[in-house]
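Let's take a walk through how the chains of this assembly hold on to each other. The sequence and the structure come first, then the notes.

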Amino acid sequence: MKKRKERIDRGIKVRAQDIFALTSYREMLYLLVPGAIPVVGLLCFAPMLSNYWREVIISTAIYALLAISWDMLMCAGLLSLGQSLFFGIGSYLAGSLNHYLGLPPILTIPLATIGGGLICTLLLLPVLRLRGIYFAMVTLVLPLMLSRLVEATRILGGTEGLTGLTPFPNQLTAVFLIQIVLLVTLFGFRRIKGSDYGLVITGISDNDRSVMSAGINIQWYKAQVVFLGASVGSFAGAFGTHMDMFAGMPGFALDYSIMPVAAAVVGGVGTFFGPLIGAFILVPLSEALRALGALRIVFYGLFLVIFVVGIPEGIFPYIQRKYQQVERWVDVT
Amino acid sequence: MLLGTLIYGFVNSAILALLAMGFNLTFGISGVANFAYGAVYIFSGFSAWIFLNTLGFPYVVAVLAAILLAGLMGLAIYFGVILRIKGMPLSEVMATFGLGLAIMELFRYFDFVGFRYTLPVFFDGSLSIGDVYIDYQRIIIGLIAVGLTAALYLFTNHTRTGLALRAIAQDERSALTFGIDPDLVGGLSMAIGCALAAIAAVVILPLGTIAVEGGYEVLINALAVCIVGGLGSTVGILVASVLIGYSQTFTANYLEPHWMMLVSLIAIAIVLVVKPSGLFSHQKELEERI
Amino acid sequence: MGGRDMTAQAPLLRVSNLTKTFGGVTAVSNLDFELPEGKLLGVIGPNGSGKTTLVNLITGFTRPVAGRIEFRGRDVTGWPPHRVVGEGISRTFQMVRPFYQLPAYKNLIVPLYSPRVKKLTGGRYGDRSAVALDLLEEVGFERDAYVSYKKAGALPQGYLKRLELAKAMALRPDLIILDELFSGLSLAEVASIVPIIEKLKHQGKTIIMIEHRLKELFRIADGVLVLNYGRKIAEGLAAEVMKSPAVRDAYLGSEGD
Ligand SMILES: Nc1ncnc2c1ncn2[C@@H]1O[C@H](COP(=O)(O)OP(=O)(O)OP(=O)(O)O)[C@@H](O)[C@H]1O
Ligand SMILES: [Mg+2]
């Protein structure tokens, strides 16, 4: 006799989703625990770690931010192959503000976040009128060309970059700063996506024609999404700059473009938790595999292909399903 | 100086056109943007090198084998990867991009780095036109670019297969009603695109060394030309190549050589502001079909 | 034309000399017509005669090669779709493509989010979901059967077409353009949608209906416009138009098969 797997939503999920009738502490916990895991995990454990692992956490968080920003763009159907554009612009902005004007990180980081968001949005504005792959092509090309612009014209320190920038007062400050920003972005973006505004955004990627005929200016909304994503990416860049006390051409490097895409695809596109999980798997993994050199990038490339082709939903939706649904085998007659 | 600039500008344009041709052809026919294109390019370079130096094939055989291998690789990519995610352009881009990365970095991992990785030129020697010296290889590049363009033009406009390909490019559904299998055509377009990358590799690579970075470079250049010319338009590719090629050469000769790298950036910037879909694109018009 | 303007009130929509070509194909050619407020105009013509292209031109989804579209005396030629909607023109699509993974009523959130609705409600949307459910009930989604909560992907064609109509109505348009709303529906389904359109007409909405179902169309249309190869071959009352030999040739000839 053949069997088929049947999935049923757990009762509590149904109740929590539609009617909000929670009846016990157990049910409240059921809802709150998943959200609390990253919060507790990030904020409580990080301080206990050694310096080395804090470094790893910081660089993971940077990639996680870039991956979440990538995911935001993806919600509107914009495939970015150039997260390093955001990172690099944020990095150079913060670096220049610090180097030339002597502003402290407490000013450069917010300024670079907003400014980077605006600059990137302006740069990408013309492409928003076109379909998906143009955006992918242009985002891939732009950061690499901008780094050559720096190289050729020798502005902003040329190939040497801007060095000796102001560092954070101590490592713990940095850890807390980036983790709080990461959490705010994560929950903020999830909230945005769940709202009516988010419905419009995802509608654009689903069926832009339908959104246009609903009297909505899709270019304007896409620009807003790019601004959100680019600001987060620029924040990561500005933060990384003060972390390394350096802003330079490596900010536009391909690493910052590839890793976020791989992390988001592995973790699960469109969930924001997914990219976070993906980053927390891939970055430490790549740290562990440091000895392998170029082979790491081979792995990212293969991960990307395997997940896109074979497991397009990613890891997070799988976990989510296990948590929210019961499975059982039923007879197929 | 001016004659030299004109001649070298032409060669430069020919190189760009060769690089963009395959990418553009695949996209034009099956709508697949093959982001593994740069990887196929250096893969062909290295495979030609291996055929020549490790396996000791004669030159012509090695080159043909490399081109054939690239074509097969195109088929493999199409049927192994793209077919499973057909109709989701963003997934196609991510998958081919990831595949390209894996291929290129695998070469780096196996230490295919260094000056010994060069391909020989077709004929040694050079020619002088007026007071300008130009080597035979560059002349061959120019000739092959012109020849391939003409051949592709004749192929797509005057042969049955070519016309079938165009029918697909215009309307998949009506092509189906004429009994054309879109998967086969897609695979074929990918194979031809990759073979074109291999041809570009074996004619262009003798000018320098085969390096992994070259793969990224090629992808970027191909994309830049396609963005400026308009994806899917052959005329657009030619015009964009000539435009960028000559501007680069003029910049290098009359301004500063290292500013050459900025030309494509500026060209892209101007085109994106003036006509975002590219100089010769019909994309927009076709998309609006409802 | 000028003489008619004097006697009647100014038309809501005036299309003059409208032309659109795609490469070699002339989809709409030199089209002129006027549509007074509160009337229902039927547009008919064989397949490929340019009806959908006309809709796309009016609603800003394509730009004309030549010609002029005026709405309430204002030139809206070449405006982008969202501005056209802002003026009060909304449309349905011949091929419906809802957001399949969303419940039916959530599909209406997008039009309800538009600036036009915001303006008309004085900036207070209220609860969009409630408004959406009311709208769906209006187009025949039975409230007690919970059809509105089903995923759009699970709905049969008849409901999808109604959903499409509801989307257009959600924008509170003055002119509503229905592109082959009845195609693919059973007689019974058509019969249940006709009253909705009649009701819209009673509310004073101006309507353009592209239709192949002539019988149903002629019952509710005030006037008919016949296209063939992008050209207007007849215009007027349904009964008159169908007598014209050109129309018989072009339209009925092709319907016979
Ligand atoms: N985006 C486009 N690109 C090229 N040709 C087009 C495009 N849109 C429409 N056409 C052509 O324009 C002509 C008119 O098409 P249109 O869709 O307006 O016809 P229609 O009257 O709506 O037909 P149907 O009754 O089948 O819906 C056809 O010949 C069609 O092939
Ligand atoms: Mg039509």
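## Where chain A meets chain C

Across the interface of chain A and chain C, the rule picks out six residue pairs in polar contact, both residues of a pair being at pLDDT 80 or more. That pLDDT condition is there because this is a predicted model, so keep that in mind for everything below. Sorted by class, the side of chain A that touches chain C has eight nonpolar, six polar and three charged residues.

As for the overall extent, 17 residues of chain A are in contact with 22 residues of chain C. The two chains bury about 1900 Å² between them, and 62% of it is on carbon and sulfur atoms. There is also one salt bridge between chain A and chain C. Asp196(A) forms a salt bridge with Arg128(C), with the closest N and O atoms 2.3 Å apart.

## Where chain A meets chain B

Now for the other partner of chain A. Here 44 residues of chain A are in contact with 46 residues of chain B. Chain A and chain B bury about 4000 Å² between them, with 84% of it on carbon and sulfur atoms. Which residues of chain A lose the most area to chain B? They are Tyr134(A), Met137(A) and Met145(A), and together they make up 16% of what that side buries.

On the polar side of things, the count between chain A and chain B is three residue pairs in polar contact, again with both at pLDDT 80 or more. The elements of chain A that give two or more residues to this side are helix 3 (51-75), helix 6 (132-153), helix 11 (255-267) and helix 13 (295-310). Helix 6 of chain A brings the largest share, 17 residues. By class, the side of chain A that touches chain B has 34 nonpolar, four polar and six charged residues.

The rule finds one salt bridge across the interface of chain A and chain B. Glu217(B) and Arg148(A) meet through their side chains in a salt bridge, at 2.6 Å from N to O.

Over all chains, the structure holds 17 salt bridges. One more to look at is the pair Glu213(B) and Arg108(B), whose side chains meet in a salt bridge at 2.7 Å, N to O. Glu213(B) lies in helix 9 (residues 212-229) of chain B and Arg108(B) in helix 4 (residues 89-109) of chain B, so this pair ties together parts that are 105 residues apart in sequence.

## A nonpolar patch on chain B

What forms the nonpolar patch on the surface? The members are Met1(B), Leu2(B), Leu6(B), Phe250(B), Tyr254(B), Leu255(B) and Trp259(B), and together they have about 690 Å² of accessible area. Helix 1 (2-30) and helix 10 (234-254) of chain B each supply at least two residues of this patch. Phe250(B), one of the members, is found in helix 10 of chain B.

Terms used. Residues numbered from 1 in each chain as written. Chains lettered and ligands numbered in written order. Predicted model: local features only at pLDDT ≥ 70, side-chain atom pairs only at ≥ 80, totals over all residues. Heavy atoms only, no water. Contact = heavy atoms within 4.5 Å. Buried area = accessible area lost by both parts, 1.4 Å probe. Salt bridge = Lys/Arg side-chain N within 4 Å of Asp/Glu carboxyl O. Polar contact = N/O pair within 3.5 Å; in protein donor to acceptor, adjacent residues only side chain to side chain. Helix = DSSP H or I, 4+ residues; strand = E, 2+ residues; numbered from the N terminus. Nonpolar A, V, L, I, M, F, W, Y, C, P; charged D, E, K, R; others polar. Patch = residues over 30% accessible without salt bridge, like charges linked within 9 Å, V, L, I, M, F, W, Y side chains within 5 Å. Areas by Shrake-Rupley, 256 points an atom, 1.4 Å probe, with all protein chains shown as cover.
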